[in-house]
Amino acid sequence: MHDYDDPTWGPLPVRPAALRWLLLLPLTLVFLPPWWMVWVVLAIGFYCMAPVAQLIVYMVPRAENGAIRMLDATLGQIPFVPLWCVTPVALAREGDTAYYQARVDRRIEKQTRRVETSRYRREYHRDLELGAHYFRGAGAGYALRVASEQGWNLHPVLRSHPRRRLRLRHNGRPRPDLRAG
């Protein structure tokens, strides 16, 4: 498994207040709306190409993992909320480890409940992507440790990067009820 004490899996460094207020906040306000428009246009373009890709995957079943990796290598490299983006919450909570740990705990617990209560074990419930804005103050190692305790592992096909995002997949089995007798 991974060495959770490795610095790359630890919390991201605290950004200086001057950098956050004077540079990153104005950049966010100016560049984030066009960034989202480009992301939406690319997503629509890929959505239009999806029937062709689905036809290829239908004819060549072994191409599915390659198609997933190709989409990950293109659209997956463009995050919806980039690392340079500073939200109002990030401005107020920069360096607050307890806040980020609680945020990671809530997100993983919510998604775990969705997986375990799903009647048909839908595949999209089993995948979870955590951007760095979720675990910035707690670290990717903490997020992976909490997730692995609830049945999540690193995604077998899509890559994770501890400084940008974690891609997890649930094993689909309910957790044992430790409260019962």
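Start by selecting Glu109, which is partly exposed at 25% relative accessibility. Keep in mind that you're looking at a predicted model.

Next, select the helix itself, residues 97-117. α4 has 21 residues and reaches 30 Å from its first C-alpha to its last, close to the 30 Å expected at 1.5 Å a residue. Which residues of α4 are buried? Color Tyr99, Tyr100, Arg103, Val104, Ile108, Gln111, Thr112 and Val115, and you have them.

Now pick Glu94, in the loop between α3 (88-93) and α4. Buried or exposed? Glu94 counts as buried, because its relative accessibility is 14% and the cut-off for buried is under 20%. Show what surrounds this residue: leaving out residues up to four places away in sequence, Glu94 touches Pro13, Val14, Arg15, Arg20 and Arg136. Take a closer look at three of those partners:

- Arg15: the Glu94 side chain reaches the backbone nitrogen of this residue at 3.1 Å.
- Arg136: its side chain makes a polar contact with the side chain of Glu94 at 3.4 Å.
- Arg20: 74 residues away from Glu94 along the chain, yet their C-alpha atoms are separated by 9.4 Å.

With Arg15, Glu94 and Arg136 still displayed, note that a network of salt bridges links them.

For the last stop, select Glu129 and Arg165, whose side chains meet in a salt bridge (3.8 Å, N to O). Glu129 lies in strand β1 (residues 127-131) and Arg165 in strand β3 (residues 165-170), so this pair ties together parts that are 36 residues apart in sequence. Check the surface here: Glu129 is partly exposed at 39% relative accessibility, whereas Arg165 is buried, with a relative accessible area of 11%.

How many salt bridges does a search of the whole structure find? Seven.

Note on methods. Residues numbered from 1 in each chain as written. Predicted model: local features only at pLDDT ≥ 70, side-chain atom pairs only at ≥ 80, totals over all residues. Heavy atoms only, no water. Helix = DSSP H or I, 4+ residues; strand = E, 2+ residues; numbered from the N terminus. Expected span 1.5 Å × (residues − 1). Buried < 20%, exposed > 50% of the residue type's maximum accessible area, 1.4 Å probe, protein only. Salt bridge = Lys/Arg side-chain N within 4 Å of Asp/Glu carboxyl O. Contact = heavy atoms within 4.5 Å. Polar contact = N/O pair within 3.5 Å; in protein donor to acceptor, adjacent residues only side chain to side chain.
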